[in-house]
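Colleague: I have the model open beside the sequence and would like to go through it with you. Could you take my questions as they come?

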Amino acid sequence: MDKSWLQQQVLERLAADLLQVEQAVSVAHEAATHEENIAENKYDTLGLEAAYLATGQARRAEAIRQALVQWRLFRPQPYSTSQGIQLGALVCLLGADEKQQQIFLGPEGGNMKLLIGAETIQVISTQAPLGKALMGKGEGDEVTLELGQAKQQWEVLSVT
């Protein structure tokens, strides 16, 4: 699997998300400033609620812009057995349930699933719990995650 192509897929998804969020910001801003939403009494909070929504959407848009910058600057490197799994690795894991899972480690803000034909590739950052657990591991290593009472284990089948 070509990591540059995966990177491009993430960038396209982030750009589409940004467009959608910017449209939501515009709608929320219009609702917040529309003359019909001017408060007539202290219980009339529609305009205020729309303003809060617009602010939240604007923050989400800025987070996506930041992610786009990081993903544009990102240059996935080939896997090095001496360093183990690092940012940019494409990892195939085998779970305790005998199911394989593809993980692509990328910069912050790109957490998503990509459907490539019949295959799903989970994009995560090195800040995600699984991303942290994978760092430095190599083929044949076991990775264990304890989330609350649940314990999950995988074997690293392959890394590129």
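Colleague: Which residues touch the most other members in the largest nonpolar core?

Modeller: Bear in mind throughout that this is a predicted model. The largest nonpolar core has 19 residues, and those that touch the most other members are Leu 6, Val 10, Leu 14, Trp 71, Phe 104, Leu 114 and Val 123. Two or more residues come from each of helix 1 (3-33), helix 2 (46-73), strand 3 (112-116) and strand 4 (119-125), and helix 1 gives the most to this core, with 6 residues.

Colleague: Take Leu 14, then; what does Leu 14 touch?

Modeller: Setting aside residues up to four places away in sequence, Leu 14 touches Ile 64, Ala 67, Leu 68 and Trp 71, and also Gly 109 and Met 112.

Colleague: And what does the second core include?

Modeller: That core is separate and has 16 residues, including Ile 85, Ala 128, Val 143 and Leu 145.

Colleague: Let me step back to the whole chain. How many helices and strands are there?

Modeller: The secondary structure comes to 3 helices and 6 strands, and reading along the sequence gives the pattern α-α-β-β-β-β-α-β-β.

Colleague: What is the radius of gyration of the chain?

Modeller: The chain has 21 Å, whereas a compact globule of 160 residues would have a radius of gyration near 15 Å. Taken along the principal axes, the C-alpha atoms fill a box of roughly 65 × 35 × 30 Å. As for burial, 35% of the 160 residues count as buried, and the accessible surface comes to about 9900 Å², of which 50% belongs to carbon and sulfur atoms.

Colleague: How many positive and negative side chains does the chain have?

Modeller: There are 13 positive and 20 negative side chains, and the centres of the two sets lie 5 Å apart.

Colleague: What share of the contacts between residues at least 6 apart in sequence join residues at least 24 apart?

Modeller: That share is 55%.

Colleague: Now some single residues. Is Leu 134 buried or exposed?

Modeller: Leu 134, which is found in helix 3, counts as buried because its relative accessibility is 0% and the cut-off for that class is under 20%. Leaving aside neighbours within four places in sequence, Leu 134 is in contact with Ile 85, Val 91, Leu 93, Ile 103, Leu 105, Val 143 and Val 156, and among these, Ile 85 and Val 143 are also included in the second core.

Colleague: Where is Leu 94, and is that residue buried or exposed?

Modeller: Leu 94 lies in strand 1 and counts as buried, at 18% relative accessibility. Beyond residues up to four places away in sequence, Leu 94 touches Lys 99, Gln 100, Gln 153, Trp 154, Glu 155 and Leu 157.

Colleague: Last one: how far apart in space are Trp 5 and Ile 121?

Modeller: They are 12 Å apart, C-alpha to C-alpha, and 116 residues apart in sequence. Trp 5 has its place in helix 1 and is partly exposed, with a relative accessible area of 37%.

Notes:
Residues are numbered from 1 along each chain as its sequence is written. This is a predicted model: local features need pLDDT of at least 70, side-chain atom pairs count only at pLDDT 80 or more; totals for chains, interfaces and linings use all residues. Side-chain values use heavy atoms; hydrogens and water are left out. A nonpolar core is a set of buried Ala, Val, Leu, Ile, Met, Phe, Trp, Tyr and Cys residues joined through side-chain atoms within 4.5 Å. Buried means under 20% relative accessible area, exposed over 50%, partly exposed in between (1.4 Å probe, protein chains only). Helices (H or I, at least four residues) and strands (E, at least two) are DSSP runs, numbered from the N terminus. Contact means heavy atoms within 4.5 Å. The radius of gyration is taken over C-alpha atoms; the globule rule is 2.2 Å times the number of residues to the power 0.38. Accessible areas come from the Shrake-Rupley method with a 1.4 Å probe; for residues, only the protein chains shown count as cover. Lys and Arg count as positive and Asp and Glu as negative; His and the chain ends are not counted. The place of a charge is taken as NZ of Lys, CZ of Arg, CG of Asp or CD of Glu.
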